[in-house]
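Please keep the sequence and the structure in view while reading.

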Amino acid sequence: MITVSHVTKRYGKVTANNDISFTVGDGRIAVLLGPNGAGKSTIIKCITGLLRFQGEIAIDQFGNKTLDAKRRLGYVPEMPALYDLLTVSEHLEFIARAYELSNWEAGAQKLLERFELADKADKLGKELSKGMQQKVSICCALLPKPRAIIFDEPMVGLDPHAIKELKEVFQELRADGCSVLISTHMLDSVEDFWDTAHIMMNGSFAATKQNGEDGDSLEKLFFDITEGKAVEA
């Protein structure tokens with residue numbers, strides 16, 4: 001479970017996140033939506049421990065900056081951050097060593113094959129395209145089998161096969177009881193399987209909706225809120 005309680009993040013006089021609270025339960029998929037500058041990436045970076053903030057964040061009841069929390073959390077950033085001089089295989093080995101995984105090799109190979117990276121195993125990070133780097137980032141996040149995972153615009157740059165596989169991964173993670181948080185502008189990419197949608201504007205939640213609550217599509221909910229056609233208390 002991901003638990004965010006009264007989180008505020010300021011950059012000088014600018015408030016990027018204003019008193020945000022929400023949870024992503026076990027076996028649930030939450031999506032984080034909003035226009036550019038709404039504060040989505042900031043709250044994600046707070047959850048992952050990359051930014052200081054006011055408030056509390058926990059992963060399975062462990063403070064988000066503790067080692068116990070970090071062992072349970074996976075993260076796919078919006079921009080892949082690979083090491084230029086590590087190969088694809090070495091990136092996975094790096095993650096395995098960092099998480100002290102055992103018998104990880106078969107799982108790593110399966111991920112490489114699933115995302116069509118097996119023939120790129122010996123390629124250096126700097127030799128990969130943006131889409132290939134994104135797929136490596138996804139594989140690295142999935143390898144430790146996290147109990148909670150965050151995807152920030154995960155489908156940008158992916159080819160159709162990888163998008164199809166990633167959609168299947170989302171549902172497999174949910175079935176395994178993982179807490180999944182997805183930030184995306186590609187509303188149709190999550191339309192079929194989201195549980196909760198949080199729509200952000202100006203650093204706060206403008207609305208929170210449960211799937212099937214009123215029968216509206218995710219796209220309609222988004223534009224009703226962000227274009228001022230609906231008001232949510």
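His-198 lies in strand 9, which covers residues 196-201, and the model in which it is seen here is a predicted one. With a relative accessibility of 4%, His-198 counts as buried, because the cut-off for that class is under 20%. Leaving aside residues up to four places away in sequence, His-198 touches Phe-22, Ala-30, Val-31, Leu-32, Leu-33, Phe-205, Ala-207 and Thr-208. With Thr-208, one of these residues, the side chain of His-198 also makes a polar contact of 2.9 Å.

The next topic is a pair of helices. The axes of helix 3 (residues 88-98) and helix 5 (residues 130-142) come within 9 Å of each other and cross at roughly 25°. Since angles under 35 degrees count as roughly parallel, helix 3 and helix 5 are therefore placed in that class, and their crossing is right-handed. Which residues of helix 3 and helix 5 meet? On the side of helix 3 they are Val-88, His-91, Leu-92 and Ile-95, and on the side of helix 5 they are Val-136, Cys-139 and Cys-140. Sorted by class, this contact of helix 3 with helix 5 has six nonpolar residues and one polar residue, with no charged residues.

Ile-95, which is found in helix 3, is buried, with a relative accessible area of 16%. Not counting residues up to four places away in sequence, Ile-95 touches Cys-140, Leu-143 and Pro-144. Leu-32, which is among the residues that His-198 touches, is 63 residues from Ile-95 along the chain, and the C-alpha atoms of Leu-32 and Ile-95 are separated by 27 Å.

Most residues other than glycine have a negative phi. Asn-103, in the loop between helix 3 and helix 4 (105-114), has a positive phi near 50° although it is a residue other than glycine. Glu-116, in the loop between helix 4 and helix 5, likewise is not a glycine and has a positive phi of about 55°. Asn-103 counts as exposed, whereas Glu-116 is partly exposed.

The table lists the relative accessible area of the residues discussed.

| Residue | Relative accessible area | Class |
|---|---|---|
| His-198 | His-198: 4% | His-198: buried |
| Ile-95 | Ile-95: 16% | Ile-95: buried |
| Glu-116 | Glu-116: 41% | Glu-116: partly exposed |
| Asn-103 | Asn-103: 73% | Asn-103: exposed |

Terms used: Residues are numbered from 1 along each chain as its sequence is written. This is a predicted model: local features need pLDDT of at least 70, side-chain atom pairs count only at pLDDT 80 or more; totals for chains, interfaces and linings use all residues. Side-chain values use heavy atoms; hydrogens and water are left out. Axes are lines fitted to C-alpha atoms, for helices over the stretch in contact, and angles run from 0 to 180 degrees between N-to-C directions. Helices (H or I, at least four residues) and strands (E, at least two) are DSSP runs, numbered from the N terminus. Angles under 35 degrees count as roughly parallel, over 145 as roughly antiparallel, 65 to 115 as roughly perpendicular and the rest as oblique. A crossing is left-handed if the near helix is turned anticlockwise from the far one by less than a right angle, and right-handed if clockwise. Contact means heavy atoms within 4.5 Å. Ala, Val, Leu, Ile, Met, Phe, Trp, Tyr, Cys and Pro count as nonpolar, Asp, Glu, Lys and Arg as charged, and the others, Gly among them, as polar. Buried means under 20% relative accessible area, exposed over 50%, partly exposed in between (1.4 Å probe, protein chains only). A polar contact is a pair of N or O atoms within 3.5 Å; within protein, one must be able to donate a hydrogen and the other to accept it, and residues adjacent in sequence count only if both atoms are side-chain atoms.
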